[in-house]
Amino acid sequence: MTFLSNLINGISLGSVYAIIALGYTMVYGIAKMLNFAHGDVIMVGAYISFCATTYLNLPPIVSVVLAMIVCTVLGVLIEGLAYKPLRKATSLAVLITAIGVSYFLQNVALLIWGSNPKTFSSMIHLGSVSLFDNKLIITAESIVTVLACIVIMIALTVFTKKSKMGKAMRAVSEDKDAAELMGINVNVTISVTFAIGSALAAIAGVLLCSAYPVLQPTTGSMPGIKAFTAAVFGGIGSIPGAMLGGILLGIIEIFSKSYISTQLADAIVFAVLIIVLLVKPTGILGKKITEKV
Amino acid sequence: MNKLKNLNKFTFTNIQSYGIVLLAFIIIFPLQKAGLLGNQISGLLVPTCTYVVMAISLSLTVGFLGELSLGHAGFMSVGAFSGVVCAACLQNSIASDPLRLLIAIIVGGFFAGVAGLVIGIPVIRLRGDYLAIVTLAFGEIIKNIMNCLYVGFDKNGIHFSMTSAEALGLIDAKPILNGPNGAQAITKISTFTSGIILIVVALFIVLNLVNSKTGRAVTAIRDNRIAAESVGIGVTKYKLTAFIISAVIAGMAGALYAMNFSTIKPTKFDFNTSILILVFVVLGGMKNIPGVMIATIVLYAMPELLRGFASYRMLIYAIVLILVMLATNSSGAKQFFEKISSKIKKDENADVQNGGVSNG
């Protein structure tokens, strides 16, 4: 029974990683950059919804929507101010800038909300499900998280396959210059990608903090890095890959926590990243990229 | 003619770099001996030296190798804890503090070099963002391992454990490394003089490496990997060499750093420390060693001295980091600078008339 409950916890944590990883994978696929600040957008989203429910007494749903709006604006602002001028710069310069943005967000949060961890009250007010004479308890948070992840993935897949903007995104990720020649506005497409990624980050932040209710300025950085691991694991640029990678990573993390060592769990997760990158750098569902000279 | 000019440039960098160290030593050493420095400044001397060495080491990876290492604090951690263990083991057999410190620093550098080799072999095969994220991952793995590493020393020799201090089975001795609590009761043997000597050693290694055949190969690989490969430069070999040397220097700095405090925890060497060093390197000008040294001294020592400023320190670092990257890399800023430089060049050419000034 512990095995089953661990598995469920793993899938639930993995779903959060998957939602974050979707943001990473879309941005990486289209703008070809590692948005290091993505994890901190999660933290901002969680703080916004925390403040909305605690100080303004707004209902949970409204607070989540508010967090999504704030994060979307934040994501677009970050992209426009910090990343857009560096479109043609080296990846080293872009990455250092992204790290700067990440630190900027963390320190602004530190100044606004302080370093003391806030206890995040769960946004999900539903009873948990008990099975097998209370031997297996599935929390409402787990169910909602997994459902949210599935809904988001299906919606995103449909969006990128069917809608005009989604097609533009795929075209830009395929070949930026050719897409521009076809009349696609590359800058708008990239901004929309950041907007979607950041809105997802807000949802992920609320779900993450509902399950693990400690909120502080550094809350987002570790899940952010792990979610990037998940995106690489599943194959960067691929939407189902992000979901698969996220869930596998969540399961690996929970299992190594309960069966190997709590302290070494993070080390094991990162070891997975290193092994994946060495054995199959394109990830499970990634496309093979050949380098042109 | 061109060769002479290049030579002069290198000599100039060398003179500048060693000059800064010498100047710092000449100013601070007599003050320290005379007891004119307050406790706060005296306490900052060794850490500042350590961070200067760390910045020089990271400058080799980021500036000359052109790869972003986000786990540099990991090498520092390996060097620090192996150095501490070594010094503690030799406590009774070697009475001379400077000699023990020297051995500890060498051991720290050695173990960090081994870590550099183990990490470097997989890491060097990757490029760009992937390489950065893997060094980050390795930094976290090192921190996690150090967090559950227990080492003790008694009359039977060294004991290791990954579970608890009790599992060491020590007789009449306390553990040297105590898991998450880190190293406790370290004998402080680091001095300002040893810090200055280590900076000179690091400078000597890095500056000579950069001006050597290996250094030119590394620069060629950074500028264009495929072109370098096609003229027969072994990419892996040279990259790995530079990476390991960088790790060794970081390890030596770590040993020096740890021996300046009575206790030190593994969490000290986390991602934030790596980023702090990266900020120094980027703001100092990446491969501009004298610049990196000055940036480290200013950015590390100043905020420590201005306490009230401390809470805004990282925020200001972050903003400066973004602005520097935007100013030096964005296409708009580039055009702006090109306009200015071409204007200056035009004026110079008009003055020289022969056109003797090449693009400098």
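How accessible is Lys257(A): buried, partly exposed or exposed?

1. Lys257(A) counts as partly exposed, at 35% relative accessibility; buried means under 20% relative accessible area, exposed over 50% and partly exposed in between, with a 1.4 Å probe and protein chains only.

2. This is a predicted model, in which local features need pLDDT of at least 70 and side-chain atom pairs count only at pLDDT 80 or more, while totals for chains, interfaces and linings use all residues. Residues are numbered from 1 along each chain as its sequence is written, chains are lettered from A and ligands numbered from 1 in the order in which they are written, and side-chain values use heavy atoms, with hydrogens and water left out.

3. Lys257(A) and Glu253(A) form a salt bridge at 3.2 Å, N to O (a side-chain nitrogen of Lys or Arg within 4 Å of a carboxyl oxygen of Asp or Glu). Both lie in helix 10 of chain A, four residues apart, about one turn of the helix; helices are DSSP runs of H or I, at least four residues, numbered from the N terminus.

4. Glu253(A) also has a salt bridge with Lys226(A), with the closest N and O atoms 3.3 Å apart. Lys226(A) lies in helix 9 and Glu253(A) in helix 10 (residues 239-259) of chain A, so the pair ties together parts 27 residues apart in sequence. Glu253(A) is buried, at 3% relative accessible area, and Lys226(A) is buried at 5%.

5. In chain B, Arg222(B) and Asp223(B) form a salt bridge, the closest N and O atoms being 3.1 Å apart. Arg222(B) is partly exposed at 23%, whereas Asp223(B) is exposed at 55%.

Notes: Helices (H or I, at least four residues) and strands (E, at least two) are DSSP runs, numbered from the N terminus.
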